[in-house]
Amino acid sequence: LTGREDPMDDNGHGTHCAGTIAAIGNNGVGVAGVCWNVKVMGLKFLDSKGRGEDINAIRCIDYAIDHGAKVLSNSWGGYAYVPEMEEAIDRARLAGVLFIAAAGNDGKDNNGNRHHFPSSYENENLIAVMSIDQDGSPSDFSNYGIESVDLAAPGRDILSTWPDRRLKAISGTSMATPHVSGAVALLWGHSRFKSADWKTIKAELLSDKNIKKTSDLDGL
């Protein structure tokens with residue numbers, strides 16, 4: 001969000017993540033996302049090379065809150081702690097919004113000496129996501145953390161939408177994150193949970209009956 005109010009994707013990363021969340025299925029075209037019946041709000045603060053400023057990320061968070069978003073899918077991050085960012089995520093909590101964040105792609109323990117953000121903030125409404133391969137094992141590039149990562153999702157060679165009506169397979173915790181964001185949207189849209197708050201949705205998603213804990217994955 002740079003003042004142009006133009007979220008057009010000139011990198012491809014955002015289009016790929018959006019396709020994993022919401023690409024229409026059962027139409028014989030391309031790929032199918034996790035949750036087809038959902039509205040996607042495109043917010044951009046990174047340039048064509050994937051660089052951007054924290055202040056603009058915060059503006060995107062606040063814009064999403066102000067315009068009624070319920071799930072924020074965040075396939076981006078770094079290693080700088082920014083208190084204003086943590087405060088913005090807490091504003092999302094107060095507005096009843098879940099914040100899904102990628103754990104990072106450096107193969108590091110986020111409980112170690114360096115913490116990846118925004119995934120390592122301790123906000124209650126944040127869900128941090130690592131990547132697993134097709135066989136369910138942790139991706140070698142994925143950051144992890146017994147205390148700092150909540151769950152894992154597919155992130156290796158994920159085929160999804162790309163600009164100019166193309167498809168592309170890429171890997172990363174960025175690809176794992178929209179799987180979880182789509183699952184949250186799917187869960188929240190179910191008749192049983194339409195009036196549920198974010199705490200209920202997060203608890204249901206992380207319930208022992210629904211997932212395999214990251215601490216149980218081989219190699220962690």
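I began with the sheet and found 4 strands in an open arrangement, in the order β1-β2-β3-β4 and with parallel pairing. Its edge strands are β1 (71-74) and β4 (151-154), each of which pairs on one side only, and the twist from one strand to the next averages 30°. For these terms I noted that strands (E, at least two residues) and helices (H or I, at least four residues) are DSSP runs numbered from the N terminus, that two strands pair if DSSP finds at least two bridges between them, and that angles run from 0 to 180 degrees between the N-to-C directions of axes fitted to C-alpha atoms, for helices over the stretch in contact.

The model is predicted, with local features requiring pLDDT of at least 70 and side-chain atom pairs counting only at pLDDT 80 or more, whereas totals for chains, interfaces and linings use all residues. Residues are numbered from 1 along each chain as its sequence is written, and side-chain values use heavy atoms, with hydrogens and water left out.

I then looked up how β1 meets β2 (residues 98-102), and found a parallel pairing over 4 bridges, in which V71 has L98 of β2 as its bridge partner.

Next I turned to the antiparallel pair, where 5 bridges join β5 (residues 158-162) to β6 (residues 166-170), and where L159 stands opposite A169 in β6. The hairpin of β5 and β6 has 3 residues between the strands, and D164 in this hairpin takes a positive phi near 65°.

I checked the backbone elsewhere, bearing in mind that most residues other than glycine have a negative phi, and most peptide bonds are trans. N26, in the loop between α1 and α2, has a positive phi near 60° although it is not glycine. The peptide bond from F117 to P118 is cis, with omega near 10°, and P118 is found in the loop between β2 and β3 (126-132).

For charges, I counted 5 salt bridges, taking each as a side-chain nitrogen of Lys or Arg within 4 Å of a carboxyl oxygen of Asp or Glu. One that I looked up joins the side chains of K44 and D10 at 3.0 Å, N to O; this pair links distant parts of the chain, with K44 in the loop between α1 and α2 and D10 in the segment before α1, 34 residues apart.
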